[in-house]
Amino acid sequence: MFSNYSFTAAERFLRYVQLDTQSDPQSSSSPTTEKQKELSRILATELQHMGVTDAHMDEWGYVYGTIPSNTKKDVPSICFCSHVDTAPDCSGANVKPLVHKNYQGNDIVLPDDETQVLRLSEYPYLEKLIGHDIITASGNTLLGADDKAGVAEIMDLANFLLTHPEVKHGEVKIVFTPDEEVGKGTARIDLKKLGAAFAYTLDGGDAGSLEDETFSADGVVVTINGVIAHPGYSKGKMINAMKIAGQILDALPKDRLSPESTEGKRGFIHPVRIDGLAEKCTIEFIVRDFVTAGLKKKEDFLKTLVGETVRGYPKATFDFQVIEQYRNMKEVLDQFPQAVDNAKEAIHRAGLEVKIESIRGGTDGSRLSFMGLPCPNLFAGMQGIHSKLEHISIQDMNKAVETMVHLVQVWEERAV
Ligand SMILES: [Zn+2]
């Protein structure tokens, strides 16, 4: 099916990464930075030129487009989604992408900052990329494969489907979002307009990987109320809320239940911010677990710890507030097993080994899943993300496109 097709994902990618689309966590506008719209506008125009007649960018910088069904079967509408913004952690301005052809396992020294060296010993996945063509940045910036790889691959999928009408598929929807890296990627998405039944984000790493699980997440705000008095005359009266807060932080487990001591499927309680005076002090925590019921256990544990500490100071009081953040998308995806099953079959047909992974964080997919659009995450090939050593294999990008082409066909075959 791909024998006469020349992939366009890498060519597109090399162009898209040269546009600075960094998002800004401090901004309250939508999108958080206007410059993201420059890429979004180009994507809408390129989709139009391919023949995606309804392609457009809305006022918030979201790009929508539809590739109509070409089958008589009743196939659910499938959406592919990726984000145009890059992470605020590392500069995304003046990205100079470099292609290293036929990689042979050697160190890759980035020319604009020779201290930036991509080494196989530090990135073991490079072993799998021997013989591939690898794209890096030049040393001063991130590359932006997260997630312009996904963007370029979805654009190439559109190009492929529109030039290969013999490939049968249901309706395929495309959406490109801004601000994923600052947690606002779904803030202004219009799911009614999108009209898809299932979605896949293209925002993952190793070829063949498929993520169907994220953390479930809550925030907790603990407020400690002390008793204030003039420090010169406060013997037996003052209760310093900051000292109680210090005691609470010190009492947190150090060898378990913390980000520093957990990996895999274990969650944690993590203080992220402290703010206070002698009179009143607040500590903000994030609580993470793959099982939502496990969040409650961790919160109960924390509440008991805070209560016992504060009880040592009879006139002090505390307030314990839990704020829901996001939930493990597996709770939704388990109700629609076809979303993950069809993706596994597509990865298999692309000649890859399926690697099911869980994300120790959240994704737009977890938010979309709970908004009513079940949305696992497919690999896009990105490696070393949010850093100057970010890189991607052109062959992995092409495998991502191939996987999507199989995926729309699997949905068509399995429909009635
Ligand atoms: Zn991403």
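Let me start with Met 329, which is found in the loop between strand 14 (317-326) and helix 7 (330-333); helices (H or I, at least four residues) and strands (E, at least two) are DSSP runs, numbered from the N terminus. This is a predicted model, in which local features need pLDDT of at least 70 and side-chain atom pairs count only at pLDDT 80 or more, while totals for chains, interfaces and linings use all residues. Residues are numbered from 1 along each chain as its sequence is written, and side-chain values use heavy atoms, with hydrogens and water left out.

Met 329 has a relative accessible area of 0%, so this residue is buried, a word that means under 20% relative accessible area with a 1.4 Å probe and protein chains only. Although Met 329 and Tyr 313 are 16 residues apart in sequence, their C-alpha atoms lie 42 Å apart in space.

His 83 lies in strand 3 (residues 78-83) and Asp 203 in strand 9 (residues 198-204), so the pair links parts of the chain 120 residues apart. Both His 83 and Asp 203 are buried.

Finally, the axes of helix 1 (residues 9-16) and helix 2 (residues 36-50) come within 12 Å and cross at roughly 150 degrees, which makes helix 1 roughly antiparallel to helix 2, a label for angles over 145 degrees. These axes are lines fitted to C-alpha atoms over the stretch in contact, and angles run from 0 to 180 degrees between N-to-C directions, with contact meaning heavy atoms within 4.5 Å.

Methods. Buried means under 20% relative accessible area, exposed over 50%, partly exposed in between (1.4 Å probe, protein chains only). Angles under 35 degrees count as roughly parallel, over 145 as roughly antiparallel, 65 to 115 as roughly perpendicular and the rest as oblique.
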